[in-house]
Amino acid sequence: MIKIYFRNDEDILTLPVNPPKLEIIRDGNNLRREIVSIGEINIIRTPKLVEITLEGIFPANINSPLINGALSEKQYRSPTACIKFFEDVRDLKKPIIMTSSEIDFKLANTEGLVAIDDFSYYKEGGDEDVYYTLKLCEYKKYIAFIDPNDKGKYEALNMEGALVSKYTESNRYSGKIIPKTYTVKSGDTLWAIAKMQLGDGNKYKMLATLNKISDPNKVKVGQVLRLS
């Protein structure tokens, strides 16, 4: 028996009815470019986030023939309670965990984290059952902070604190993963280290503050600098 579960902290919701429609989309993110000498090429990139759409029913009666046979009375929730669960999660602006006993949702994260993109529902005629559409998107953990020197720029970091990409309002590009520390070598300057490791020499002031360096022009060979 297939079951689909949603978990918000300690609150676990089991879908009472397997959705008649469950669509999983994992679009590619490749770039095609025209090269004069060889024609069109395809630059392979990391696929886009997985998108999942469920269309189903929240039955108004626990004895409904639509309900999963193995659903206990404790697991059953009224349509109002099911709606409240998803609306509360969306209002809290947080991801939830989505798992299934049989379905592989193709999520990159092993926890099954997804975010609610859209949730809508309706009733038909005098029917007390509620029909819903739930659109979800894969969620990747990150930390974002605004560059204090440029409010139009921010940086995205993974949960380990390594810089994984940089963004501006007009341009977005992938950056290399940056180590947490750097050991000063002969000939290094703080500006050169900031340029080489962070992609912006002007961040030498940030490095100086982070490492409590009073004179940015003086760094010692062998000195270990924090980069984040």
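Mentor: A word on terms first: helices (H or I, at least four residues) and strands (E, at least two) are DSSP runs, numbered from the N terminus. The expected span of a helix is 1.5 Å times one less than its number of residues. This is a predicted model, in which local features need pLDDT of at least 70 and side-chain atom pairs count only at pLDDT 80 or more, while totals for chains, interfaces and linings use all residues. Residues are numbered from 1 along each chain as its sequence is written, and side-chain values use heavy atoms, with hydrogens and water left out.

Trainee: How many residues does helix α1 have, and how far does it reach?

Mentor: Helix α1 covers residues 79–92, 14 residues in total, and reaches 20 Å from its first C-alpha to its last. That is close to the 20 Å expected at 1.5 Å a residue.

Trainee: Which residues of α1 are buried?

Mentor: P79, C82, I83, F85, F86 and V89 are buried in α1; buried means under 20% relative accessible area, exposed over 50%, and partly exposed in between, with a 1.4 Å probe and protein chains only. Seen down the axis of α1, the buried residues fall within an arc of 155 degrees, so they line one face of the helix. The arc is that of the directions from the helix axis to the C-beta atoms.

Trainee: And what is on the other side of α1?

Mentor: T80, D91 and L92 are exposed there. After α1 comes K93, whose phi is positive, near 55 degrees.

Trainee: Let us move to the sheet. In what order do its strands lie?

Mentor: The order is β2-β1-β7-β8-β9-β6-β3, seven strands in an open sheet with antiparallel pairing. Two strands pair if DSSP finds at least two bridges between them. β2 and β3 (21–25) stand at the edges with a single partner strand each, so one side of each is left without a neighbour in the sheet.

Trainee: Which bridges involve β9?

Mentor: β9 is joined to β6 by eight bridges, in the antiparallel sense, and I57 has Y131 in β9 as its bridge partner. β8 and β9 also pair antiparallel over eight bridges, with F119 partnered by L134 in β9. Eight of the nine residues of β9 are buried, so β9 is largely enclosed by the rest of the structure.

Trainee: What does α1 pack against?

Mentor: The buried residues of α1 pack against β1 (4–8), β2 (11–14), β6 (51–58), β7 (96–100), β8 (113–122) and β9 (130–138). Contact means heavy atoms within 4.5 Å.

Trainee: Which residues touch the most other members of the largest nonpolar core?

Mentor: They are F6, L54, F58, F86, M98, L134 and L136, out of 24 residues in that core. A nonpolar core is a set of buried Ala, Val, Leu, Ile, Met, Phe, Trp, Tyr and Cys residues joined through side-chain atoms within 4.5 Å. The largest share of this core, five residues, comes from α1.

Trainee: What is F58 in contact with?

Mentor: Leaving aside neighbours within four places in sequence, the contacts of F58 include P79, C82, I83 and F86, and also F119, V130 and Y132.
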